Structure formats: structure tokens, C-alpha cells
Amino acid sequence: MRRRPIIVLACVLIGSATASAQPAETGALTPPLSPRNASYTITARLDPATRTITGSEVITWRNITTKPATDLQFHLYWNAWKNTRSTFMRERALGSTGPGPAGDDAHRRADEWAHIDVTALKVGGSDLTGLKRFIAPDDDNPDDETVMAIPLAQPIGAGVAVTIDIRWTAHVPRTFARTGAIGDFFFIAQWFPKLGVLQDDGWNCHQFHAATEFFADFGVYDVSLTVPSGWPVGATGVRRERVDHHDRTSTHRYYQEDVHDFAWTTSPDYLERTARFEHPTLPPVEMRLLLQPEHAGQADRHFDATRTALQYYGEWYGAYPYGHITIVDPAYQSGAGGMEYPTLFTAGTRWLAPPRVTTPEGVTVHEAGHQFWYGIVATNEFEHAWMDEGFNTFSTARAVAQVYDPNYLALRYFGGFIPWVFGDIALRRETEGNRLAGYRRDAKSDAQSTPTFRYFPATGGSITYNKTALWLNTMERWLGWPTLQRIMSAYFEEWKFRHPKPDDYFEVVNAVTGRDLGWYFDQVYRSSNVFDYGVQDLKSARDGDHYRTSVIVRRYGEAIFPVDVAVTFRNRDRVVEHWDGNDRWKLYSYDRPSQAVAAQVDPDRVLLLDVDYTNNSNTLEPKGGAAATKWSLKWMVWLQDCLLSCVALV
Amino acid sequence: MSAWPEGMRRVNRAPAILLGVWALTLLVSLPLAAVLRGMLAQHLGRSLAADTAASGVNYDWMQEFSDQAAGLGVTFKPTIIGFGAVLDNLSAFMDNVHRPAVIVGAASLYILLWIFVAGGIIDRYARDRATHAYGFFASSGVFFFRFLRLAVVQWIVYAFLFGSMHPWLFDRLYPRMIHDTSVERTAFLARVALYLVFGLLVAAATMIFDYAKVRAVVEDRRSMIGAVTGAVGFIQRNYAAAVSLFLANFALFVIVVGLYALIAPGAGRTGASMWIGFVVGQLYVIGRLWVKLVFWASETALFQNRLAHAGYVARPEPTWPDSPAADAI
């Protein structure tokens, strides 16, 4: 453990060299980048008419822990959408306003729900189908069937490999959690019986939860998909062959090494576009876009946004090694947008997508960015979702700011169809990009160190995405981007194709900075306390031929962070104090020839987690009245227009 | 269609009415704006955040304010800026978005005031000559309670349209229509179709109630049910003219809104630009009010044109008796 700083620094130095592993147009990567201990060979057939998938798979699994496995545990994610009694659906209802199931769930037709049934299971040739049982390790919910356990008569020892044959059938739902179908559009993810991750302390195989995503080991995926002929297919990996059958179906075989999941999509409506990412120091990437016809004019926007992610994430963290990426523009109402899978992601746009607004760019950069934070650095999203979603939200905002600045607020009217761009409101990376407003509303809902699947479902996203982005950007403003960039690239280099935990990241931070920043993570990670510093009072009155100035600054929140306090005087002198931020309040006094005009805590807004920045300053020349007048007059026109709409009925 | 320019002429010849209803609008909106101003000023306090809020948009501050706002304050959102305000209200109207109670209260008061002045306004346009303040308010007073009774009927109809028909169209039918739609344009067209259906129903109701008021004033009707049936009869007999006139007036509305879309001021600064922006906003409000009055005036003109004597008003022009004290002198 003590050698870690050396390892980290070495990784930083050699990072650019190792990052350029061979891109492959065949899905093969040599030498292997990951342990490849859970590889899947899958054959599946989609019947669009009945929305049924019939599949079989051969899993080659190697126990890479130090202990024998006495059972096998599989995710059967689609059983989360079997009925309203699953843990997923119960948690989803927690976030809804009504007493029953969330949203449209109550009105779903019977054929719009899903299920996955394992019909046969052999381990090492022995038929263990009859031994399968459902377990609920997270909440003991007897109605949850998303984790299947198979006890083993013969434990699988450390380092031993085993072959598992499984046959199953599944019904494709109307979309849940970005998976399902609408019309002829199919997006199929989390769709096959999938092993959990065996760790030294046992299986890490959580039930499917409403607010969390996934976790799996790396492997090789060789997947043959049979769909109607003429229907384009997009999938993880590279298509190696297509065989057309007499029954008007075609089998597409996709192959990819060193990934930990496999998703695919098909629809007869897709337009296909291709482009290439090229960069002086990063490996080229072939980009394939499956686009909805009504978005035909937005192909370049999707490609440019993907290039933005590949370029900046590549320059900042490390190279994208796969050599190809598939961008899926999902169908309207499919609910499949904005999701990441290895070498494939779903974007999300609208029919009316005005320029100067980051739709579709924002979501495209974000999901493409997940290839790095999730795809390559494969954290446990059940327990530490912030490690990919938060890191990626921060990175997205930073990348978007490089290319799409300024971009503006757009609101949508008339059922959400008609956008209107507010050219007065340029969105800032630090606040809107990192989603400060969302964090502020939910700041105390959970400590970030709580396992993600135990976050309150309705507010978990704010802690996962927004809080992380804000504390990372705070680190950037506090330590400087060069330092944070070294931290992130060192962490990426050390943990790519592995499963890091929070302490692994914190150790990299300490190693790169040469400081123990545990106190910072105590504030932002291990606590739900909020930051709120402010100026309580500013007085500056003549006392003889001097002005006596007093500034009282206060810590209103429970969380602690060192902040600057700046006092500006009428003669333009500016005094900057450094306050450790520990005490509840602090007094600064000055006897100076000039009167003070303003005092401000954290004038450079380093601490982006401060939930009330308005109270951070105090001036003796306030413009609050003038600003309030201006805005109330604006509002009055809105009110008058509202009244006129009402009186149209008189 | 001669009623259309005739209506505009009658409105233009009575600028006091236009100014009066604008004053009514100010009367209701100014106090609430003052309340909101107090909220904003209190939240800004002596913060430097006010500097950027004064010189442009401080979106961070707006969001902080929104997060702690209650009552009136929750309506202070970016959508109030420029033409966004109009889109917000039109969209809320068509999508039946509920407003906070304080806004509903203000709107109710505003509607009540309009019900009070409606008789005076239509009487003025029907006579097409100055009725002066006493004539105006006498007519307002005479028709106030009649129009209140009519308002009960209107309330029932609009409650049905917005309380039952709209939810049926947009919360039940629309989701069914687009349930399997995977193309956004198709869904949008479906929604536009439902907007048209709902808009036509609202327009039909509005047109009937407009002519009910016109007939009540011109014919001095006391029965509002009778006025409504009379209005329906009139529209049936003069379907093409009534609908054409309504569409022409609606086109005026579109023109006024379109013009405002072109010139609507953005956030602006404090000082002169703030007041210029406010004046532009008020010109838009006056434009909308003018359109509203043209609706009534042109419909009055159309109805009178169909009578044997154009310009006919059954009720004698009110005159004030001299006071006994004056006689004694």
C-alpha cells in the first residue's frame, strides 16, 4: 500500500504511452486490457410481433478472487418489470406523487411489462436448472426476482474457470429504464442472464434498484442476433458477419473484447451515418450513428459532440482504446435516451433543436464520456454511482464549455414541443453545467458515502451527479486544473479496466497532491452537511480622519471549507483575508483612510457547493432596490399578459 | 366584413375606454408587482448579486430566489423575460396549467372588474358617441348584475371546457393517440389537432357569450339565458359573417403578438433601458387590450348592422336628474 504514490506517479508519467492501446476494427484488442474473466457467447432471436427474445448463452467464467465460489449469482434485470411488487417498482413509486405506481405504470397493458425466464442452466455440463432460486440480498423482498442463485455441489476454486450454459426467454417491455420497445423501435439492454461480480467478501450481485445502474466483470462478448432482414442493428462491438435467412430474418454477429456489458438496438426506421474521429495524439475512432429520420439534419451535431468527448476526455484522462463507437438516436417516447453501454450509447434530441442550445450536444458528450467513466474505469454503480456519473457530469460540463460556450437557456412550451431560447441567459459551466440548483434542493437528502442503492430514489440523482460535479469543480478551482487533471489521469490510468472503490480514488488524490485531503472528503463525501458562508454585517463609519470598518463573516452551514474574505474600499484598495472557515463567525476590523464599500466571502467562488451565494456579499452601495424594480416591472408584464389571457374568456 | 373596420373605428374613437381598461390592468397588477418587488429586494438585500441582477441576468440568483420562494415568488422565473412571458401564458392557457392561488385571485378580481365595465364599454360602442363618465358607469351599473348572472353561465361552460373537456382531450385522448407514436412530429401534429379542437370550442363559447353581452346591451335584455339563446340564434343566422369577423379579430391578436415577438425587450439594465422596456411592454398590453375591445366593438357593429336600424340601442341614454337642491335655488 505504501508503494501506491510511486505507482501513481509512474502511471502519470507513462500514461500517454499506455493509453494508446491498439484500436481495433474487429473488436479484438491485443494484448488483453482487462482480466476477461466473464465472457459471453450469446445467440438470440427477436420476434418483433410478440416482442419476445429467445436466447442461449455460454458463459466462460473464471474465479479471480482468492476464495472458492460455493454458488453462482445472476442478474435477471428484466424481472424488475414483471409487476409492481419488485424492489425496482416499489422504489420507483417512492418518487411519484400519487399513492400508486409511478407515472404511467398504473396504465400499462399486460403486454407492456417484462419478464425473463431461465429455462435451462448447466454448470460444467451438469444440469442445475432445478436448483435455481431467487434471492433478495438488499431488502429481503420475497417478490423480487432480479437475482437468481444457483448453489454449487462442487465449489469453484480460486483461479478455476467454468463454463455455464443458459437458455432463456424474455418479453420485451414498453420501455423501462431505457430498455424496451415502442412501435418497431427496440432498445435491448440488461437483457441476458448476467453473472454478478464475485469479490473476496462474496458475490456483489445487487437487486435491480430504481435509482442505480449496473456492475459486471470484463470479458469477451460474441453475440449473434437474429432480427428481421433489412432492420439495421446497432450493438456493442463490431459486426463481424451477417447471414441472411430464408425466413426473412438476418443474423448479425457482433464481437468485442474487454467490455463488461452488451446492448443492442434495431429498428427499420434508422438512418445510418458514419464519420471518423482523428487527433494528432489519440487513436482514431470510427463513429457510426443510427439516426431517427426526423433528426436527419442533426447528424453533424451528434458527431461533433462525440468528437468533443473523445478529444477532451482523451487528452485529459486517457485514450479511448476500442477504435469504434456507435451513437444511437432513440425514437420519440422510447425512453431509451441518455444511456451508456460499452462502445455504444444512446443520445437524445428533439425534433426542434435550436442552435446555441446544447440539445443534443450535452447528452451526447455525457454519454460518450461514459465510455471513460463507466466503460473503461468500471466502478460499481450499485454502490458508488457517483464515481462514474459524478465524474462524468463534471467532465461533460468541462468539455461542453470548451466547444459550446456560450450556450443558452431554452424553455419548452405547448406540451414541451416548442423551444424558446433566452439569449439573455448564458448557462455557466460552474453552476448550470454542474447542476447546482438540483443539488441545492436535495443537498441534505443523503450522505454521498451511503451506498447508492440506499439513496432516497427521488433525490439520489442530485447526490450522485450534481454534488460530485460540484465538489470536483471546487477542487479544480481550489487546487488548479493542472493538479486535478493529473489526479484524474492518474486515477484513470491506474484503474482502467478494473473496479475501483472510493478509497482508491481518495488515495490517488492524496498521492498526486502530496497532501492528506481526507478532511475535504469528510465534508463532501462522508457527510450530508451543506456549505453556506456569508457576510452577516458590514459597517464602515468615519472615526476622526479614518474610517473604522468591521466585517462579520459567518458560517451558516455545518460543512467547513477555507475561504477568502475580500474587503473593497472606496479608494479601490482591496484586502483579502484567508479564513479557515472553522468558527461559526469571525470579525475583521480595519482602520483605514478610506471607507469600505463591499465585503465578500469566497469572492472567486471557489466553493461551488455553497448553497446560498447571494448572502456571500454585502455592500454599502446596494443595488438591490434597483434590481428588484427592474425585475418586478418585467414580471408585471408577464402578469398583465396572464390577466389578459384570462379576460379573453369574459 | 364592414363591421371589422367599423369596430376598430369605434374603439379608436373612444380612447378613454382603452386607457380605462389599461388603468384597470395596472390597478390589479401594480400592487402585486410591488409585493414581488419587496420579496426580490429583501432577498437581494445588500448583496453584490444585485449588481449583476441590475445590469443583466443573474441566473444563479434567480434560481436561489426560486428555491426559497413561496406564493407570488414562485412565478418569478426566466420565462418572464421578453416574449417568453407571452409564450408562457399562451402555453399555460392551451395546456391548462394551474397558476398559484394568488395569481388566480388577482385574475378573479380582474375578471370581476371587466364584468363591471363590460356593460359600459359595449354601450359606448353601441351608441358610437360619447356617453361620458356618468353614462358609462350608469350602463356599467345597469348591466353588472345581469353580466354577473351571465358569468355564472360562462363559469359553468368554461369549467366544463377546462375542467372536463381539456383533461379528457389532453390527459386521456392525447396519450392514447400517441401511445405507440415513435415520431415526435406526429405527436406534435396530434397535439396541434387537439389544440384546434379545444381552441374552437373555447372560441365558440367566447363568441356566443360576446354576442350575448352585445344583445343584452343593445336590446336591453334582462334574461341572460335569453341573451345566450339570442346570441346562438344570431350566430346561426349569420354564421359566415360572425365566424369571419371572429377570425379577422383573431388575426389581429396574432399580429399584435407577432409584433411583440419581434420587439420584446430582453432583460436589459436598470435606468433608462428598464423604463423603455417597460413602456414597450405596456404598449403590447395596450395592443392586446385594443384587440379585446375591437372584438366587442366589431361584434356590436355586426349585430347592429343586421338590425333594421344600424346604431340602435333600446335603452335610453341615461341622464342624471337635477338635484332637488338645485331646483330650490
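Colleague: How do the residues of the lining of the second largest cavity divide by class?

Modeller: This is a predicted model, and in it the second largest cavity has a volume of about 40 Å³. Its lining is made up of Lys194(A), Phe214(A), Phe215(A), Ala216(A), His260(A), Asp261(A), Tyr374(A) and Glu381(A). Sorted by class, these residues come to four nonpolar, one polar and three charged.

Colleague: Which helices each supply at least two residues of the lining of the largest cavity?

Modeller: The search of the whole structure finds two cavities of 30 Å³ or more, and the largest holds about 110 Å³ of space. Of the 13 residues that line the largest cavity, those nearest its centre are Leu633(A), Lys634(A), Val637(A), Pro265(B) and Gly277(B), while the lining as a whole has eight nonpolar, three polar and two charged residues. The helices that each supply at least two lining residues are α12 (624–647) of chain A and α11 (272–306) of chain B.

Colleague: Where does Tyr284(B) lie, and with which residues is Tyr284(B) in contact, leaving aside its neighbours within four places in sequence?

Modeller: Tyr284(B) lies in helix α11 of chain B. With a relative accessible area of 4%, which is under the 20% cut-off, Tyr284(B) counts as buried. Once neighbours within four places in sequence are set aside, the residues in contact with Tyr284(B) are Asp641(A), Val86(B), Val256(B), Val257(B) and Tyr260(B).

Colleague: Is α5(B) largely enclosed by the rest of the structure or largely open, and which of its residues are buried?

Modeller: Helix α5 of chain B, residues 84–95, reaches 16 Å from its first C-alpha to its last, close to the 16 Å expected for its twelve residues at 1.5 Å a residue. Because ten of the twelve residues of α5(B) are buried, this helix is largely enclosed by the rest of the structure. After α5(B) comes Asn96(B), which has a positive phi, near 55 degrees. The buried residues of α5(B) are Gly84(B), Ala85(B), Val86(B), Leu87(B), Asp88(B), Asn89(B), Ser91(B), Ala92(B), Met94(B) and Asp95(B).

Colleague: How many helices and strands does the secondary structure of chain B come to?

Modeller: The C-alpha atoms of chain B fill a box of roughly 65 × 65 × 30 Å along the principal axes, and 54% of the 329 residues of chain B count as buried. Among contacts in chain B between residues at least 6 apart in sequence, 79% join residues at least 24 apart. The secondary structure of chain B comes to twelve helices and zero strands.

Colleague: Which residues touch the most other members of the largest nonpolar core?

Modeller: In soluble globular proteins, nonpolar side chains tend to be buried together. The largest nonpolar core here has 172 residues, and apart from it lies another core of 134 residues, including Trp61(B) and Tyr158(B). Within the largest core, the residues that touch the most other members are Trp61(A), Trp191(A) and Tyr505(A).

Key. Residues numbered from 1 in each chain as written. Chains lettered and ligands numbered in written order. Predicted model: local features only at pLDDT ≥ 70, side-chain atom pairs only at ≥ 80, totals over all residues. Heavy atoms only, no water. Core = buried A, V, L, I, M, F, W, Y, C linked by side-chain atoms within 4.5 Å. Buried < 20%, exposed > 50% of the residue type's maximum accessible area, 1.4 Å probe, protein only. 1 Å grid on protein atoms, 1.4 Å probe; cavity = no way out; pocket = protein on both sides within 12 Å on 5 of 7 lines; lining within 4 Å. Points joined across faces, edges and corners; volume = space filled by probe spheres on them. Nonpolar A, V, L, I, M, F, W, Y, C, P; charged D, E, K, R; others polar. Expected span 1.5 Å × (residues − 1). Contact = heavy atoms within 4.5 Å.
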